[in-house]
Amino acid sequence: MSIDYGTDAPVTLRNLALAGVAGLALGLVGTALPRAHPLSRLRTASLSAGIGFSLAAGLMVVYARVGKFRHRDRMLAMLPLRGDEHILDVGTGRGLLAVAAARGLTGGRVVAIDIWNAEDLSDNRRARTEEVLRLEGVSDRVTLEEADAERLPFADGSFDAVVSNLCIHNIYNAPGRHEAIGEIVRVLRPGGRAVISDYRHTSDYARYFREYGMTAVEERGPYLWDVFPPLSIVVATKPTAS
Ligand SMILES: C[S@@+](CC[C@H](N)C(=O)[O-])C[C@H]1O[C@@H](n2cnc3c(N)ncnc32)[C@H](O)[C@@H]1O
């Protein structure tokens with residue numbers, strides 16, 4: 001049985017699909033009209049827009065069904081895990097990163113936080129995430145908490161690693177995103193690592209990490225072939241205490 005990890009930005013996806021259908025329909029009507037008709041001039045633009053919007057909607061569906069699992073594995077491969085770590089997943093959604101991280105643990109624990117915002121993922125509810133954890137057999141290794149990325153309810157230095165995919169851009173102001181990166185730095189232990197993926201603002205995240213004294217920050221990507229929209233990954237490591 002394949003487990004549904006949700007479709008990102010469902011309203012955007014619906015609007016792209018509708019715009020694609022409208023563009024294609026208008027373009028096709030334009031091709032049927034006589035050349036002298038004023039609307040016939042719109043056919044190339046309508047068809048191009050229709051194809052573009054439909055393609056974008058299709059790529060978002062492919063990401064939701066296939067690409068996000070490959071991207072998840074790519075992100076977790078950037079964490080050198082032994083199996084006894086405490087890992088935090090910020091904006092877990094349906095538990096994409098949390099479940100895969102938990103599967104690799106022998107003695108550690110994953111904490112996954114979210115505010116379960118309906119606009120950001122289809123049927124985004126805590127109960128759905130709990131169901132996924134149960135179906136995946138990792139409920140005993142993952143703790144879910146309702147918490148905001150800007151105010152993490154955890155003590156300083158309490159995690160070995162922090163991961164987050166497509167969450168922080170949902171904070172719509174730069175000071176808030178800066179605050180969220182600061183919170184990730186605060187809860188990481190010295191020597192801990194953050195792997196943060198997003199489709200925009202990632203160069204800002206890398207700069208914020210550096211401002212907070214993180215070292216070895218590098219930005220990877222954008223990854224184009226199996227994710228849509230293209231995603232970049234920031235890998236940041238907290239210096240060990242001297
Ligand atoms: C596009 S979904 C991605 C979910 C998951 N990380 C994945 O890759 O499948 C973004 C998630 O971030 C959550 N989110 C948005 N703003 C947040 C915030 N300020 N604090 C915590 N979670 C947030 C949303 O509720 C949503 O579940």
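## The ligand and its surroundings

In this predicted model, the ligand is surrounded by 20 residues, and the closest of them are Gly91, Asp114, Asn117, Ala149 and Asn165. For Gly91, a backbone N or O atom lies 2.8 Å from a nitrogen atom of the ligand, whereas for Asp114 an N or O atom in the side chain is 2.6 Å from an oxygen atom of the ligand. Asn124 also takes part, with a polar side-chain atom placed 2.9 Å from an oxygen atom of the ligand. The protein covers 97% of the accessible area of the ligand, which on its own amounts to 590 Å².

## The chain as a whole

The protein chain contains six helices and seven strands, and, read from the N terminus, these elements follow the order α-α-β-α-β-α-β-β-α-β-α-β-β. Its C-alpha atoms fill a box of roughly 75 × 40 × 25 Å, taken along the principal axes. Of the contacts in the protein chain with a separation of 6 or more, 73% are made by residues 24 or more positions apart.

Of the 242 residues in the protein chain, 48% count as buried, and the chain exposes about 11600 Å², of which carbon and sulfur atoms supply 58%. The charged side chains comprise 28 positive and 28 negative ones, and the centres of these two sets lie 7 Å apart.

## Asp89 in strand β1

Asp89 is placed in strand β1, which spans residues 86–90. Its relative accessible area is 2%, and because buried means under 20%, Asp89 counts as buried. Leaving aside residues up to four places away in sequence, Asp89 touches Leu97, Ala98, Val111, Ala112, Ile113, Val163 and Ser164.

The side chain of Asp89 also makes a polar contact, at 2.7 Å, with the side chain of Thr92. Asn170 is 81 residues away from Asp89 along the chain, and the C-alpha atoms of this pair are separated by 15 Å.

## Backbone features in the loops

Several loops hold residues whose backbone deserves a careful look. In the loop between β4 (159–165) and α5 (174–187), Leu166 has a phi near 55 degrees, which is a positive value in a residue other than glycine. Leu166 is also buried, with a relative accessible area of 14%. A positive phi, of about 70 degrees, is found again in His201, although His201 is not a glycine; this residue belongs to the loop between β5 (188–198) and α6 (202–211).

A cis peptide bond, with omega at about 0 degrees, joins Phe228 and Pro229. Pro229 is found in the loop that runs between β6 (215–223) and β7 (231–237).

## Gly213, between α6 and β6

Gly213 lies in the loop between α6 and β6. Its relative accessibility is 37%, so Gly213 counts as partly exposed, a class that takes in values between the 20% limit for buried and the 50% limit for exposed. Gly213 and Thr237 are 24 residues apart in sequence, and their C-alpha atoms are 9.4 Å apart in space.

How values were computed:
Residues are numbered from 1 along each chain as its sequence is written. This is a predicted model: local features need pLDDT of at least 70, side-chain atom pairs count only at pLDDT 80 or more; totals for chains, interfaces and linings use all residues. Side-chain values use heavy atoms; hydrogens and water are left out. Helices (H or I, at least four residues) and strands (E, at least two) are DSSP runs, numbered from the N terminus. Buried means under 20% relative accessible area, exposed over 50%, partly exposed in between (1.4 Å probe, protein chains only). Contact means heavy atoms within 4.5 Å. Accessible areas come from the Shrake-Rupley method with a 1.4 Å probe; for residues, only the protein chains shown count as cover. Lys and Arg count as positive and Asp and Glu as negative; His and the chain ends are not counted. The place of a charge is taken as NZ of Lys, CZ of Arg, CG of Asp or CD of Glu. A residue is near a molecule or strand if one of its heavy atoms lies within 4 Å of it. A polar contact is a pair of N or O atoms within 3.5 Å; within protein, one must be able to donate a hydrogen and the other to accept it, and residues adjacent in sequence count only if both atoms are side-chain atoms.
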